[in-house]
Amino acid sequence: MRTTPRRTHGARRALTGALLAGLTLLTSAGAAVADDPSASASPADDGAGPTEAGTTFRTATALEQGQTGTAQASAGDYLYWVFPADAGQRPTVEATVKLPSSARSSTSTWQIDVYDGLRRRQACMYGHQTRKAAADAASVELSCVLRTVRSWSEPWASDPLPGSYYIRLTVVDLPAADLGLPVGVEVKAVSKEQGGAHDVDGALSEPLVPGVSVASAGDASAAPRVPSAGEPEDGWASGWWTDRWLWTVGGGVLAALAAVFGYSLTRGRGRPAHVPPGV
């Protein structure tokens, strides 16, 4: 009976030490990943971007994440931009159309679409992808939040994959009398890191960017492929690292400490000194 408080106190100290060791491991590992620039792709600093837009997929204007692209166009034009999105990111595209101050004959309907590197139209999780503008409206704002980009997917699936993403902005309903009116456009693409909750096993051999198939089919003596529009300057994530490694390793360490602690509670203190051997 005298040894019970002492054993309880020792057990509490052992449990506290195990928990502190596990928390220290997870904290230090998380800090190391945060300091590693290759662990995740960070959006570019918010700033002025290109001042023009392309008119087709092939002539789409490159736009870095966090930049604001502007363009002057005519109502009825198809405007294209392209930006990179890597695995683990959930892109959000925002667009503002500044309408002319002169009176317009009727309402107009504007729409923003996003396509991946295979030119597959990606559905918006939520946002205002299509909006109507009244005849006296000064501007109309649109937005599209895509699904989280996956590092790998089945060939038949239409999941977002790492690579270039094309933004297309146009008016889908406009009276003929208002065609050609000057409009100003602002477009911005940003991403939110989703972490390991959306990680999957596997990775693409190459991101879906323009020209990647041509470069892969070429011989080894060909000139190296120049990064194309919609490709980050610091390269793509490797695809093998996820923050699930931290929780897997940390969980294993905590499980081992818990096993040692449980064994120390159940193994007892051995044979009492006053009991002779063989009894």
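Author: Happy to! Two strands pair if DSSP finds at least two bridges between them, and strands (E, at least two residues) are DSSP runs numbered from the N terminus. This is a predicted model, where local features need pLDDT of at least 70, side-chain atom pairs count only at pLDDT 80 or more, and totals for chains, interfaces and linings use all residues. Residues are numbered from 1 along each chain as its sequence is written, and side-chain values use heavy atoms, leaving out hydrogens and water.

The open sheet has 5 strands in the order E2-E4-E9-E6-E7, with mixed pairing. Strand E2 (61-62) and strand E7 (130-133) are at the edges, each with a single partner strand, so one side of each lacks a neighbour in the sheet. E2 pairs with strand E4 (residues 79-85) in the parallel sense over 2 bridges, and Ala-62 stands opposite Val-82 in E4.

Now to the rings, which pair if their centres lie within 6.5 Å (planes under 30 degrees apart are stacked, over 60 edge-to-face, the rest tilted; for Trp the six-membered ring is used). The structure holds 4 aromatic pairs. One of them joins Phe-57 and Tyr-115 edge-to-face, 5.3 Å centre to centre with 90° between the planes. Phe-57 lies in the loop between strand E1 (47-48) and E2 and Tyr-115 in strand E6 (residues 108-115), so this pair ties together parts 58 residues apart in sequence. Tyr-166 is in strand E9 (residues 163-173), so its pair with Phe-57, in the loop between E1 and E2, ties together parts 109 residues apart in sequence. Ring pairs link Phe-57, Tyr-80, Tyr-115 and Tyr-166 into a cluster.

Technical notes:
Helices (H or I, at least four residues) and strands (E, at least two) are DSSP runs, numbered from the N terminus.
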